[in-house]
Amino acid sequence: MVVLGLCAGGSALGAQGAGRFVPCQGQRIDSITVDAQAPTVAGLRRVPVIGNVVRETHVVTRDDVVRRFLLIEVGEPCSELRRAESERILRAQSFIADATIEVIANAKGGVNLEVRTIDEASLIFTGAVAGASPAIRAVKVGSANLAGMGVATSFAWGYQPVLDDRLEVRASDYQFLGQPYVLSLGLVRDPLGRDDRAELSFPFRTDLQRYAWRTRIGKSEGTAQFVMRDTGRLTLGYTEEYGEVGAIGRLGPPGKLSLVGLSITSERSWPDSAPLRLVEKAGFRPDTAAEFAGRFVETRAARMNALLGVRKIRFMRARAFDALRATQDVPIGLQFGTLVGRGVRAFGSDSRDLFVASDLYMGWGSPVVAYRLQLQGEGIRPEGGLDWNGMVASGRLARYSRPTSTRTRIVSLEWSGTAGVLLPHALTLGIPDGGIRGFNKSSEVGGRRGIARIDERYFLGSPNSFGDLGVAWFADAGKLWAGDVPYGTTTRVRGSLGISALFAVPMRSTRTWRLDFAVPVHREPGAAKWQVRLSNTDRTTFFWREPTDVDAARARAVPASIYNWP
């Protein structure tokens, strides 16, 4: 615990009105106290071994880190808008579970602010084991808040029986050089590719900001897998190089504003010359496939882009929407952003094509029943043509309801689709982050996908103050359409049913561990009878995150949303 800026004056508590919680109404701010807590340790005192590990490894968020996220300072008038936005920005950080800022009257006629934060568990440690040799199949270690400095680091390794092992190193500094800048670095080596990227940004965190900016560069090598009838699975590799620099500025008052900006983007992508055939227990063999001829080609795109957006958003506090018990800030209102870019030959573009990408978000309702919608899309119109290609679209519509204080129901529809994309890609029902649970071994591919879900959670309590415990049942149903993907298939409606065990550490954490047991209703030949999957995510920081197979088809150097860009 770190406490600074204590209330001065020994007679303060004895003065009339001092010590009371009051509204923030323009009073002078005389002091700001920061109280950073790590309830994880308190909850684990009943488990001495784990408690000792946590005490040795967890350092609470430093006082100066918390203060840099605040939009208010000592000596300034107390603004309720700035207080509420400061509180929300703190809660939005991945290493902070909850935050409150209380206003207390003092004997001088001013106020003292008490900032209280509760850290998320900072230790990252996961893995996978098997009964065969080697027993350890995967390990991930790191810290979500290294030494309390607001820096996340992680290292992961995964065993591969035939190909090279998977290695991953990631680091993010959320206050680079002591400023509200975010530096993110990632190095990934997959058995069939790589993904290297670096990004430095000043994110648009609040409507009170006047501007925001982003610059990034990266290179990816990956594969897309396709299925041939009765002859096995084909894999086609691809490479992407991209870079971007851009900025936006705010026009209008907070809560009802416009965003205007410019960016310069450059990207190049090209497929491998020929596909490989994946032969079971034998690895990859060179192959040819007629359907790939002329379908995926090399592209060079360098564009000057205009960034435009309108935003009328307020934030509603809601409990147990996307987390087991935690409170989150749900955007209520309307936001629309679009990017319009023109290819510039002088920058190295193949043509002066027209590129358009848009994002729409809507939210309405109450902490008891709420609706949220997000749509994303992009497309390219070649120079001198009227038809569009490179089209990628996705979206999600969800209804949140809380029939009781311990029960949450989420009903949602998700859809994704591509057309005329020149980068190798394919959508499946088995993708872990956007498919049907229980269909991880699904082999069918397509160009469009629709999925309906219902998920009902029950909060059971906080045993021994260790964390929050819950259970859930769920049902998924979805379908693929062939589209224009090579060897694409239009499937029947597939479905699955399942139950889940949920756990959050510490109590009221926004990050939830989820153990799903799913059973397919309509099994495919050779598919598993059931599937068990363990995941650990914080869904309170985003509403719709595109599945990786859809994201792989998108232009790399394009902000997906004015809301979360830069």
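Visitor: In which loop does Leu177 lie?
Guide: This is a predicted model, where local features need pLDDT of at least 70, side-chain atom pairs count only at pLDDT 80 or more, and totals for chains, interfaces and linings use all residues. Residues are numbered from 1 along each chain as its sequence is written, and side-chain values use heavy atoms, with hydrogens and water left out. Strands (DSSP runs of E, at least two residues) are numbered from the N terminus. Leu177 lies in the loop between strand 8 (166-173) and strand 9 (182-190).

Visitor: Is Leu177 buried or exposed?
Guide: Buried means under 20% relative accessible area, exposed over 50%, and partly exposed in between (1.4 Å probe, protein chains only). Leu177 has a relative accessible area of 67%, so Leu177 is exposed.

Visitor: What is phi of Ala147 near?
Guide: Ala147 lies in the loop between strand 6 (136-143) and strand 7 (151-158). Ala147 is a residue other than glycine, yet its phi is positive, near 55°.

Visitor: How many bridges join strand 24 to strand 25?
Guide: Two strands pair if DSSP finds at least two bridges between them. Strand 24 and strand 25 (residues 468-481) run antiparallel. One of the bridges links Gly450 with Lys479 in strand 25. The number of bridges joining strand 24 to strand 25 is 13.

Visitor: Which residue in strand 24 is the bridge partner of Glu414?
Guide: Strand 21 (residues 407-419) and strand 24 (residues 448-461) run antiparallel, joined by eleven bridges. In strand 24, the partner of Glu414 is Ile451.

Terms used
Helix = DSSP H or I, 4+ residues; strand = E, 2+ residues; numbered from the N terminus.
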